[in-house]
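Welcome to my notebook. I opened a new model today and wrote down what I looked up, one stop at a time.

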Amino acid sequence: MKTLILLAALAQVQPGNWELSVTTWMAGADKPVGPLQRTQCFTEADARDPNRVLGGGGSCEFSNQRESGGVLTFDVKCAGPLPMEGTGSIRQSADAFEGDLDLSAGQGFGMRSKIAGKRLGPC
C-alpha cells in the first residue's frame, strides 16, 4: 500500500534503455559529487518499481505520497548499513523523469540528490 501512488505515477515510465544522471551534494561539502551517468535497461517490472527507477536498491519505503500539478512528493525511509530518511519529489513522462531526494542519517550527516533520466530507446 505504501508505494501504490508512486507506482501509479511511475506507470508512465516506459521500459527500455535509459540514461540516468545523479548529482549529490553532501552536507558540509564544497562541491557536489557528479553528475554520475550510466545507462540501464529497465524491464517492465523495473519500470513499475520506484526502488529500481530511483536507485533505492530495494531498501527504501515510500509513504505520505501526494500529487499536485504533475509533481509527486513523498517521504522515504531507507534501511541498510547507513539508514536514512527524508523527502523527495518526481516529475515524469513516458520518456523522461527528474526528481530530488533530500535524505539525512542524523548527527549532521545528510545529502541532497538530483536524479534525471531519459529513455534512449529499446534495450
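**Entry 1: a serine to start from**

I began with serine 21 and found its place in strand S1. For the terms, helices (H or I, at least four residues) and strands (E, at least two) are DSSP runs, numbered from the N terminus. Is serine 21 buried or exposed? With 16% relative accessibility, serine 21 counts as buried. My cut-offs here are under 20% relative accessible area for buried, over 50% for exposed and partly exposed in between (1.4 Å probe, protein chains only).

Isoleucine 115 is 94 residues from serine 21 in sequence, and their C-alpha atoms are 5.7 Å apart in space.

A note on the source before I go on: this is a predicted model, in which local features need pLDDT of at least 70 and side-chain atom pairs count only at pLDDT 80 or more, while totals for chains, interfaces and linings use all residues. Residues are numbered from 1 along each chain as its sequence is written, and side-chain values use heavy atoms, with hydrogens and water left out.

**Entry 2: the whole chain**

I stepped back to view the chain, and its secondary structure comes to three helices and seven strands. Read along the sequence, the pattern is α-β-β-α-α-β-β-β-β-β. Of the 123 residues in the chain, 33% are buried.

**Entry 3: the sheet**

In what order do the seven strands stand in the sheet? I read off S2-S1-S7-S6-S5-S4-S3, an open sheet with antiparallel pairing. Two strands pair if DSSP finds at least two bridges between them. S2 and S3 are at the edges with a single partner strand each, so one side of each has no neighbour in the sheet. From one strand to the next, the twist averages 20°. (Axes are lines fitted to C-alpha atoms, for helices over the stretch in contact, and angles run from 0 to 180 degrees between N-to-C directions.)

**Entry 4: strand by strand**

I started with S1 (residues 16-26), which pairs with S2 in the antiparallel sense over eight bridges. Glycine 16 has phenylalanine 42 in S2 as its bridge partner. S1 and S2 form a hairpin with six residues between them, and in the turn glycine 28 has a positive phi of about 85°.

S1 also runs antiparallel to S7, and ten bridges join them. This brought me back to serine 21, which stands opposite alanine 116 in S7.

Next I checked S6 (residues 96-106), which pairs with S7 over ten bridges, again in the antiparallel sense. Here leucine 103 has methionine 111 in S7 as its bridge partner.

S5 and S6 run antiparallel with eight bridges and form a hairpin with three residues between them. Threonine 87 stands opposite aspartate 102 in S6.

S4 and S5 make a hairpin too, with five residues between them and, in the turn, glycine 80 at a positive phi of about 130°. Seven bridges hold this antiparallel pair, and lysine 77 has glutamate 85 in S5 as its bridge partner.

**Entry 5: a pocket**

I looked up the second largest pocket, which has about 200 Å³ of space. On a 1 Å grid over the protein atoms alone, a pocket is an open set of points where a 1.4 Å probe fits, with protein on both sides within 12 Å along at least five of seven lines; lining residues have an atom within 4 Å of a point. Grid points are joined across faces, edges and corners, and the volume is the space filled by probe spheres set on the points.

Which residues of the lining are closest to the centre of this pocket? Of the 15 lining residues, they are Val76, Lys77, Cys78, Met84 and Glu85. Strands S3 (60-68), S4 (71-78) and S5 (84-92) each supply at least two residues of the lining, and S4 gives the most, with four. I sorted the lining into six nonpolar, four polar and five charged residues. (Ala, Val, Leu, Ile, Met, Phe, Trp, Tyr, Cys and Pro count as nonpolar, Asp, Glu, Lys and Arg as charged, and the others, Gly among them, as polar.)

**Entry 6: the disulfide**

My last stop was the one disulfide in the structure, a term for a pair of cysteine sulfur atoms within 2.5 Å. Cysteine 41 is joined to cysteine 123, with 1.8 Å from S to S. Cysteine 41 lies in S2 (residues 33-42) and cysteine 123 in the segment after S7 (109-121), so the pair ties together parts 82 residues apart in sequence. The link is right-handed, with 105° about the S-S bond. Cysteine 41 is partly exposed at 36% relative accessible area, whereas cysteine 123 is exposed at 58%.
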